[in-house]
Amino acid sequence: MNPTKSSAISLRVNGETHSLTVDNRTTLLDALREHIDLTGTKKGCDQGQCGACTVLLDGRRANSCLQLAVAAEGRAVTTIEGMADGERLHPVQQAFLDFDGYQCGYCTPGQVCSAVAVIEEHAAGWPSAATADIRPETGPPPLDDNEIRERMSGNLCRCGAYVSIVRAVAEAAAQAAAVRESAGDTTPDGGSGSGTVPAGGSGARVTA
Ligand code: FES
Ligand code: FES
């Protein structure tokens, strides 16, 4: 490979470090799928429109088709393969199963990654475009269907499983809130901001 057009990088994905040499134009999505064989992250539009390629970058949602692999060096990448704890599914994965939040399943890895971050974003008090009152003193809005639909709007589902997806996200969010409450943590972001996201952190989608 031409050294002026390629780079030797190491990517930290799901806690493991992978050393690879990539064309500098390689997207994070292609690096994950073609170089590291993590094919759970899906390619839909390959231009930032569908959300199928969503992963977490340092705990924040990102469309991996819009990220260069070389720019992800030094960051914590979490893919759908890194969500479960051994044989135990992440609560969001379990909720998608319990509420039939999918049909063909192609969009599901991206939906799950987004939902994990959405729950964190909401718990941390982040408003969305659907939030009517964003004054800090009013506290975070209820994570109702409108809020979930708005916050998940970057993830398209050609099967139209949206009704079940919203129910799954609502259930997983309620479970996460109950966990925080039983831990005696009543602050919106759970005090640490770590919540249930394996990679930690929260935030809006990174698009470039
Ligand atoms: S593949 Fe559609 S947003 Fe990345
Ligand atoms: S479940 Fe088929 S595209 Fe969403």
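**Sheet and helix packing in the predicted model**

Strands β3 (residues 54-57) and β5 (residues 76-78) run antiparallel and are joined by 2 bridges. Opposite Val77 in β5 stands Leu57. The model described here is predicted.

An open sheet is formed by 5 strands, in the order β2-β1-β5-β3-β4. Its pairing is mixed. The edges are held by β2 (16-23) and β4 (60-63). Each of these two has a single partner strand, so one side of each lacks a neighbour in the sheet. On average, neighbouring strands of the sheet are turned by 40° against each other, direction ignored.

Helices also meet these strands. Helix α1 (residues 28-35) lies across β1 (6-13) and β2. The angle between α1 and β2 is about 110°. Helix α3 packs on the sheet as well, where it touches β3 and β4. The direction of α3 makes about 40° with that of β3.

Helix α3 (residues 108-123) also has a helical partner, α2 (residues 91-98). The axes of α2 and α3 come within 9 Å and cross at roughly 125°. An angle over 145° would count as roughly antiparallel, and 65 to 115° as roughly perpendicular. The two helices are therefore oblique to each other. The crossing of α2 past α3 is right-handed. On the α2 side, the contact is made by Val92, Gln93 and Phe96. On the α3 side, Thr108, Val112, Ala115 and Val116 take part. Of the residues in this contact, 5 are nonpolar and 2 are polar. No charged residue is included.

Conventions. Residues are numbered from 1 along each chain as its sequence is written. Chains are lettered from A and ligands numbered from 1 in the order in which they are written. This is a predicted model: local features need pLDDT of at least 70, side-chain atom pairs count only at pLDDT 80 or more; totals for chains, interfaces and linings use all residues. Axes are lines fitted to C-alpha atoms, for helices over the stretch in contact, and angles run from 0 to 180 degrees between N-to-C directions. Helices (H or I, at least four residues) and strands (E, at least two) are DSSP runs, numbered from the N terminus. Angles under 35 degrees count as roughly parallel, over 145 as roughly antiparallel, 65 to 115 as roughly perpendicular and the rest as oblique. A crossing is left-handed if the near helix is turned anticlockwise from the far one by less than a right angle, and right-handed if clockwise. Two residues are in contact if their C-beta atoms, placed from the backbone, lie within 7 Å. Ala, Val, Leu, Ile, Met, Phe, Trp, Tyr, Cys and Pro count as nonpolar, Asp, Glu, Lys and Arg as charged, and the others, Gly among them, as polar. Two strands pair if DSSP finds at least two bridges between them.
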